[in-house]
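Subject: Structure handover

Hello,

Here is the structure I promised you. Please open it and keep it in view while you read the notes below.

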Amino acid sequence: MKYILIMLFSLPLINTVNAQNRNIYFLKNNGKLVSIKDSADFIRIIQEPDSGTTYYKVMEYYPDEVQKFIGTVSVFEPHLIYEGANIAFHKNGKRAEVITYQKGVPSGSAYYFYPDGKLKKTLEYGNEGMKRMMGYQNVKYKVTNYFDTAGVQLVKDGNGYTIETVNNDKITEEGGYVSGVRNGLWKTTNSGNSLYYEDIYNNGEFVSGKNFSPDGKVIVYTQKDVLPKFKGGINQFSQFLSYHIKYPSDAKQDGITGRVLLSFVVEKDGTLTNIKVLNSIYPSLDEEALRVLHRSPKWEPGMQNGVPVKVQYTIPIVFKL
């Protein structure tokens, strides 16, 4: 009897390369694992726990060997579960973020810095506030302080009005905070695709928005971000896999079990493309997982600000006899 366990993650998953008590990864910025250092955007080293601790030490470096990140994790496969204080750095070596985690969830005060080292903002993570997706889960936070590039404080004790730039200054967001959360009208301009949005918030909760496209079309939406999904949901997807997957006879005869990691892109029309095996456990199991996923009907596409968007997914499929 076969048993297939399905889990969905938005984070890319990676293989390990052992080097004594370290795992060394060559990675692209999108999380893709590459085989040689020269083609990597950064290098990740995971060190086995020291005596007296159960946490792995994680160190990341830019190609020029400037430190990118240092911290600790309790688990590093299939994804990193951060623990304790973790520090990220800008490419010039100055601090970018200082965040404390508990079981992969940010907790307490977090600090963010401009590339010149000046404090940009402080957040308070906990059980209250606005929601945001970090990795593979939603977390809640409040904005406690915000400073512009000149050091002028725009938000103090959770109250104020800011004009913020993100995504390498391509996106500008403008609006007010009350008690640490967004309130009222927020305007977003994306210079990369000439789009403009207006969103309404009530005590941190998104109410509705309007997408003003360059061609004059206005799209009204009531959900800012919607993940793609198999029509009918995860249970239907599991049933689809269970119905179509046939345990390869050679793997069954040899008693081979394990997890096949697959990545794919859900296109704007719901089609699955760029389906790949991220780690190989056994040729026939890899081929069977690929074969079935290629037969998947169209998904419901992901949506952002009222329009379909491409979204990359990673799926571990566990084969057990």
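**Salt bridges**

Lys 28 is partly exposed, because its relative accessible area is 27%, which falls between the 20% and 50% cut-offs. Keep in mind that this is a predicted model.

Lys 28 has a partner. Asp 41 forms a salt bridge with Lys 28, and the closest N and O atoms are 3.8 Å apart. Asp 41 is partly exposed too, with a relative accessible area of 25%.

How many salt bridges does a search of the whole structure find? It finds nine. Here are two others to look at. Arg 44 and Glu 60 meet through their side chains at 2.7 Å, N to O. Arg 44 is in strand 5 and Glu 60 is in strand 6 (residues 56-61), so this pair ties together parts that are 16 residues apart in sequence. Lys 68 also forms a salt bridge with Glu 60, at 3.7 Å, N to O.

Are Arg 44 and Glu 60 buried or exposed? Both are buried. For Glu 60 the relative accessible area is 4%.

**Cores**

Now turn to the nonpolar residues. In soluble globular proteins, nonpolar side chains tend to be buried together. The largest nonpolar core here has 25 residues. Phe 237, Phe 264, Ile 317 and Phe 319 have the most contacts inside this core. Five elements each supply at least two of its residues: helix 1 (234-244), strand 23 (258-266), strand 24 (272-279), helix 3 (283-294) and strand 27 (311-320). Strand 27 gives the largest share, five residues. A second, separate core has 22 residues, including Tyr 101, Tyr 146, Leu 195 and Tyr 221.

**Helix 3**

Check the length of helix 3 yourself. Its twelve residues should span 16 Å at 1.5 Å a residue, and its end C-alpha atoms are 16 Å apart, so the two values agree. The buried residues of helix 3 are Ser 284, Leu 285, Asp 286, Glu 288, Ala 289, Val 292 and Leu 293. Helix 1, helix 2 (249-253), strand 23, strand 24 and strand 27 are among the elements that cover them.

**Strands**

Strands of a sheet pair through backbone hydrogen bonds, either parallel or antiparallel. Start with strand 19 (residues 195-202) and strand 20 (residues 205-212), which pair in the antiparallel sense over seven bridges. Tyr 201 stands opposite Phe 206 in strand 20. Their hairpin has two residues between the strands, and Asn 203 takes a positive phi near 55° there.

Strand 20 also pairs with strand 21 (residues 218-221), antiparallel, over four bridges. Asn 211 has Ile 219 in strand 21 as its bridge partner. This hairpin has five residues between the strands, and Gly 216 takes a positive phi near 90°.

Last, find the open sheet of three strands in the order 22-25-26, with antiparallel pairing. Strand 22 (225-226) and strand 26 (307-309) stand at the edges, each with a single partner strand, so one side of each has no neighbour in the sheet. Strand 22 pairs with strand 25 (residues 302-304) over two bridges. Val 226 stands opposite Met 303 in strand 25.

Best wishes

Note on methods. Residues are numbered from 1 along each chain as its sequence is written. This is a predicted model: local features need pLDDT of at least 70, side-chain atom pairs count only at pLDDT 80 or more; totals for chains, interfaces and linings use all residues. Side-chain values use heavy atoms; hydrogens and water are left out. A nonpolar core is a set of buried Ala, Val, Leu, Ile, Met, Phe, Trp, Tyr and Cys residues joined through side-chain atoms within 4.5 Å. Buried means under 20% relative accessible area, exposed over 50%, partly exposed in between (1.4 Å probe, protein chains only). The expected span of a helix is 1.5 Å times one less than its number of residues. Contact means heavy atoms within 4.5 Å. A salt bridge is a side-chain nitrogen of Lys or Arg within 4 Å of a carboxyl oxygen of Asp or Glu. Two strands pair if DSSP finds at least two bridges between them.
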